[in-house]
Amino acid sequence: MGEKITGLTVAQGAAMYVGAVLGTGVIAVPALAAQVAGPASLLAWLCLVLVSVPLAATFAALGARFPDAGGVSTYARLAFGERAAAVVGWCFFFAVPLGTTASALFAGSYVAEAAGGGRVTQVGTAVVLMALVASTNWAGLRASGRVQCVLSGLLLLLVFGAVLLSAPMVDADNLEPFAPHGWGAVGSAAALLVWSFAGWEAITYLAQEFGKPQRDVPRAVGCAVVVVAVLYLSVAFATVAVLGSAANTHAPLGELLSRALGGNLKVFAAIAAVLLTAGSMNAYVAGGAKLGAALSRDGAFPRRLAVGSVRGEVPRRSLALLVGLAFVVLSVVVASGVGLKLVVLLTTGQFVAVYLIGAAAAVRLLPRRSRARFTAVFALAGVVLLLVVSGAFMVLPALIAVLALLFLRWNRRRRGLLDQDGNLSSVELRRRA
């Protein structure tokens, strides 16, 4: 049975949001975006901030009105039915192992640069981070929330410290030429930056764990939006305006500190990377584990994983599957030598699919002529643009959607819910009536 725990506070919820959205986006992606689009990458950052505000507000409105462990999957079911719910749930659940693996390896790169040891140190750090996140979530959401508060406070201190200390080193010459790779590169940079802003949906799976979701979820989201927007824009600007061509480094935060204070400060950058990564992984694994249990409860996942879907319970079976898949992905990435950029883009494609269906569900579910519904329309328009720039990387979520629908059909038939033609059986129709 799951262990009963106390609900999340506003502070813990805000910390979960900050951790989920920031993650490795702030330690690695600013440099990657600068390589793709040069100083014009700042426009991509600004666009993503503008898109993320209505997106965050939309998921906050949904979480406050429909608090459930199923999160976006529940909203999709209420708006469009069980098939859409299964697709959203599977896309998010299977994005978590990919995303946590990439995050852990990003942090491992920082540690390897600070301590040496190359690939062995990088992979070893990833393994330790995965084990740490698994253990904190195994202990329950209350312990996970407290850890998240500490991690978020430390990472904000380190990141804002790096930006403020490097501010006197800003050089306007580093902003020229502004678009060295053409304006089309801004779209390519935006596709990468989806990774940095993924996370506004993650805490919807924990909405029911707040003491008063209708009040606490919007407050937590509001605090997180301000922190995330200010931090991302400041780090992106510092990466371009201070580092210039040195933005090609794999550890831009460490380089910013070195420029400001002198000397080799890679150790501080590694600490920041580990804190950021642990916070992001913690939030995503917590949300993904809750989602897995909810999907099982609703018949869209194996039934044995349903333990933990009730408010206050720890979804340990779902958590074990999620962590196990993450270690499988890590093994495949290490053995194949696949670059992290590819893993990031595959992950963001799945999140775009989740956002698309989630925003569309919000337009349908939220009260007409309300501010929340108006915001959801803007969010949906922004996600459609993200869909366009994601291009071929939407193939993976399409394949996962097919698998989700096949499993749902098979599970229904196995449980006697479908007739030979694949429609709901007369017995099941009478039961639901």
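This report describes the helices, core, aromatic pairs and local backbone features of a predicted model.

**Nonpolar cores**

The largest nonpolar core of the model comprises 121 residues, and those with the most contacts inside it are L22, W45, W200 and Y232. Helix 5 supplies the largest share of this core, namely 17 residues. Apart from it there is a second, separate core of five residues, among them Y110, V111, A270 and A273.

**Aromatic pairs**

A pair of aromatic rings is described by the distance of the centres and the angle of the planes. The count for this structure comes to 13 aromatic pairs. In one of them, the rings of W45 and Y232 have centres 5.1 Å apart and planes at 45°; because this angle falls between the limits of 30 degrees for stacked and 60 for edge-to-face, the pair is tilted. W45 belongs to helix 3 and Y232 to helix 9 (residues 213–243), so the pair ties together parts that are 187 residues apart in sequence. W45 is buried, with a relative accessible area of 1%, and Y232 is likewise buried, at 0%.

W90 and F301 form another aromatic pair, an edge-to-face one with 5.4 Å from centre to centre and 85° between the planes. This pair also links distant parts of the chain: W90 lies in helix 5 (residues 82–115), whereas F301 lies in the loop between helix 11 (266–297) and helix 12 (316–336), 211 residues apart. Both W90 and F301 are buried. The two residues belong to one aromatic cluster, which is formed by W90, F93, F94, F301, F407 and W410.

G99 is located in helix 5 and counts as buried because its relative accessibility is 10%, under the 20% limit. G99 and Y284 are 185 residues apart in sequence, while their C-alpha atoms are 8.7 Å apart in space.

Helix 2 (residues 29–37) is mostly covered, with seven of its nine residues buried. The buried residues in helix 2 are V29, P30, A31, A33, A34, V36 and A37. Just after helix 2, G38 adopts a positive phi of about 65°.

Helix 6 (residues 118–138) contains 21 residues. Its span from the first C-alpha to the last is 31 Å, close to the 30 Å expected at 1.5 Å a residue. The buried residues of helix 6 are T121, Q122, V123, T125, A126, L129, M130, V133, A134, T136 and N137.

**Surface and charged residues**

L46, L50 and L233 make a nonpolar surface patch of about 250 Å². L50 is exposed, because its relative accessible area of 56% is over the 50% limit.

Side chains of opposite charge can pair when their charged atoms come close. A search of the whole structure finds one salt bridge. It is formed by D298 with R297, the closest N and O atoms being 2.9 Å apart. D298 counts as partly exposed, with a relative accessibility of 30%, and R297 also counts as partly exposed, at 34%.

The relative accessibility of selected residues is as follows.

| Residue | Relative accessibility | Class |
|---|---|---|
| Y232 | 0% | buried |
| W45 | 1% | buried |
| G99 | 10% | buried |
| D298 | 30% | partly exposed |
| R297 | 34% | partly exposed |
| L50 | 56% | exposed |
| R369 | 88% | exposed |

**Backbone features in loops**

Two loop positions have backbone features to record. E176 and P177 are joined by a cis peptide bond, with omega at about -10°. P177 lies in the loop between helix 7 (141–166) and helix 8 (184–197).

R369 has a positive phi of about 65°, although it is not a glycine. R369 is found in the loop between helix 13 (340–365) and helix 14 (371–390). The residue counts as exposed, because its relative accessibility of 88% is over 50%.

Methods: Residues numbered from 1 in each chain as written. Predicted model: local features only at pLDDT ≥ 70, side-chain atom pairs only at ≥ 80, totals over all residues. Heavy atoms only, no water. Helix = DSSP H or I, 4+ residues; strand = E, 2+ residues; numbered from the N terminus. Expected span 1.5 Å × (residues − 1). Buried < 20%, exposed > 50% of the residue type's maximum accessible area, 1.4 Å probe, protein only. Patch = residues over 30% accessible without salt bridge, like charges linked within 9 Å, V, L, I, M, F, W, Y side chains within 5 Å. Areas by Shrake-Rupley, 256 points an atom, 1.4 Å probe, with all protein chains shown as cover. Salt bridge = Lys/Arg side-chain N within 4 Å of Asp/Glu carboxyl O. Phe/Tyr/Trp six-rings, centres within 6.5 Å; stacked < 30°, edge-to-face > 60°. Core = buried A, V, L, I, M, F, W, Y, C linked by side-chain atoms within 4.5 Å.
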